[in-house]
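Thanks, everyone. Please look at the screen, and I'll walk you through one chain.

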Amino acid sequence: MRLTQADLVSAIRSAAGDSELVDLDGDVLDLRFDELGYDSLALLEVAATLRRTHGITVPDDTAVELGTPAELLRFVNEGVR
């Protein structure tokens with residue numbers, strides 16, 4: 001299964017809520033998570049949500065190192081490590 005931007009945005013919203021800084025439905029793939037208003041705890045919650053809802057494992061240390069939604073999608077879909 002390929003994770004789409006819509007899947008990721010849904011997981012982010014479910015885990016950490018909507019961003020107060022930008023519209024997640026916009027062009028956000030290359031914005032840094034901190035620019036979107038999400039800290040490392042939020043990213044750990046996103047990783048846990050991806051595991052529960054899609055069976056996708058993103059190690060905790062990796063989740064907090066990935067800087068943008070695009071990097072997270074690449075990690076999940078292409079195995080970039």
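Keep in mind that this is a predicted model. H5 is followed by Gly79. The phi of Gly79 is positive, near 70 degrees.

Now step back into H5 itself. Which residues of H5 are buried? They are Pro69, Ala70, Leu72, Leu73, Phe75 and Asn77. And what do they pack against? Four helices: H1 (5-16), H2 (33-36), H3 (40-54) and H4.

Is Thr68 buried or exposed? Its relative accessible area is 7%, under the 20% cut-off, so Thr68 counts as buried. Leaving aside residues up to four places away in sequence, Thr68 touches Leu29, Asp30, Leu31, Arg32 and Phe33.

Now the whole chain. It has five helices and zero strands. Along the sequence, that reads α-α-α-α-α. The C-alpha atoms fill a box of roughly 30 × 20 × 20 Å along the principal axes.

What about contacts? Take those with a separation of 6 or more: 47% of them join residues 24 or more positions apart. Buried residues make up 38% of the 81.

Last, the surface and the charges. The chain exposes about 4,700 Å², and carbon and sulfur atoms supply 46% of that. There are 7 positive and 16 negative charges. Their mean positions lie 7 Å apart.

Terms used: Residues numbered from 1 in each chain as written. Predicted model: local features only at pLDDT ≥ 70, side-chain atom pairs only at ≥ 80, totals over all residues. Heavy atoms only, no water. Buried < 20%, exposed > 50% of the residue type's maximum accessible area, 1.4 Å probe, protein only. Contact = heavy atoms within 4.5 Å. Helix = DSSP H or I, 4+ residues; strand = E, 2+ residues; numbered from the N terminus. Areas by Shrake-Rupley, 256 points an atom, 1.4 Å probe, with all protein chains shown as cover. Lys, Arg positive; Asp, Glu negative; His and termini not counted. Charge placed at Lys NZ, Arg CZ, Asp CG, Glu CD.
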